[in-house]
Amino acid sequence: MHKVKNTVSVGRSLLSARFLLSALILVLTAIGLRPAVQALSRYYTKKPIDIRHPLKEFDVSRLPSFRNGWELSWRTALVEDLATDEYTHIILDKKFGKGPKRAELFVTYYNNPQDKIPHIPDVCGRQEGGIVRKIKTIMLDTPQLGPDYPKIQANLLLFQFGRKIDLVLIYCLCVEGEFPHTRNQARWVLAKPGNRHTYFSKIEARTWIGDDPAEAIEMCKTLLCEALPILTAEYFPDKEQLKRR
C-alpha cells in the first residue's frame with residue numbers, strides 16, 4: 001500500500017513539474033511575442049514617400065495634342081477639401097477650332113499608408129451636386145507606360161449638373177506603380193506587403209460636352225494617355241524607390 005502511495009505521489013510531483021515548466025514557457029513566450037509582433041509590424045508597415053517633383057511644375061507644353069492653340073490657367077483648391085497639398089488642376093481653353101472648347105487635367109498625390117482613398121470622382125461629383133448618369137470601365141491604349149501596361153482600365157463618368165448631361169470625366173488610379181481601376185483594388189495594393197514605401201495618385205481628365213459627346217470622350221482619353229507616361233516616369237516614385245529600405 002505504501003509503495004502505491006509513493007508512486008502516486010512521485011507521479012503527481014512529476015506532473016506538477018511538467019505543468020509548471022509548460023506554464024513558464026507559455027509565459028516567456030507571451031512576454032517575447034508582443035515585442036516580436038511589434039518588430040514585424042514596424043518592418044512591414046509601409047512608409048510615406050514624397051513625389052519626385054511637385055505636380056504644380058507639370059509642363060503641359062509636353063503634351064503633343066495640347067502644345068499649340070490652347071490657353072493655360074490653373075485652379076486652386078483648399079487642402080482641407082483635397083486632403084493633400086500635392087496636386088495640380090490645369091485648365092486648357094481652346095483658342096480656335098472645332099470640338100470641345102475646354103479640357104481639364106486634375107492630378108492629386110497621396111502618401112499616407114492609412115488612407116482609404118475617399119476622394120474619387122464618383123463620390124466627390126455627387127457631393128458637388130452632380131448626378132452620375134453613366135459610369136463604366138473603359139480601356140486606354142498606353143504603350144508609352146511600358147510592356148507591363150500597354151493598356152490600362154479607366155473609369156468613364158457622365159455627369160448632369162443642370163437639365164442635361166454637361167460633363168464627361170475619365171479617371172484612373174496609380175497605386176505604387178500599378179493601375180487598379182476600382183477603389184477596393186487600390187486599397188488592396190496599398191495593404192499588401194512587399195514595397196517599403198507607398199503612394200497613390202488620382203489622375204483625371206474632364207471636359208464640358210459640346211455638340212458631339214464622342215469628341216469630348218476622345219479628348220479626355222487623349223489628355224490622360226499623354227499625361228500618364230510623363231507623370232509615372234518623372235513625378236511618381238519608381239519601383240526601386242518604393243522597395244528601398
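1. Start with helix H5 in this predicted model: glutamate 218 and lysine 221 both sit in that helix, three residues apart, or about one turn. Their side chains meet in a salt bridge, at 3.5 Å from N to O. Glutamate 218 is partly exposed, at 44% relative accessible area, and lysine 221 is partly exposed too, at 23%.

2. Salt bridges with shared partners also build a network here, joining Arg75, Glu104, Lys202, Glu204 and Arg206. How many salt bridges does the count come to? It comes to eleven.

3. Now look at arginine 62, which forms a salt bridge with glutamate 234; the closest N and O atoms are 2.7 Å apart. Arginine 62 is in the loop between E1 and E2, while glutamate 234 belongs to helix H5 (residues 213-235), so this pair ties together parts 172 residues apart in sequence. Arginine 62 has a relative accessible area of 37% and glutamate 234 one of 28%, so each falls between the 20% and 50% cut-offs and counts as partly exposed.

4. Aspartate 59 is in the loop between strand E1 (47-48) and strand E2 (70-74). Its side chain makes a polar contact with the side chain of serine 61, at 2.5 Å. Have a look at isoleucine 230 as well: its C-alpha is 9.4 Å from that of aspartate 59, though 171 residues separate them along the chain.

5. One more pair to check: aspartate 148 and lysine 239 meet in a salt bridge at 3.4 Å, N to O. Aspartate 148 is in the loop between strands E5 and E6 and lysine 239 in helix H6, 91 residues apart. Is aspartate 148 buried or exposed? At 54% relative accessibility, aspartate 148 counts as exposed, while lysine 239, at 49%, counts as partly exposed.

Conventions: Residues numbered from 1 in each chain as written. Predicted model: local features only at pLDDT ≥ 70, side-chain atom pairs only at ≥ 80, totals over all residues. Heavy atoms only, no water. Helix = DSSP H or I, 4+ residues; strand = E, 2+ residues; numbered from the N terminus. Polar contact = N/O pair within 3.5 Å; in protein donor to acceptor, adjacent residues only side chain to side chain. Salt bridge = Lys/Arg side-chain N within 4 Å of Asp/Glu carboxyl O. Buried < 20%, exposed > 50% of the residue type's maximum accessible area, 1.4 Å probe, protein only.
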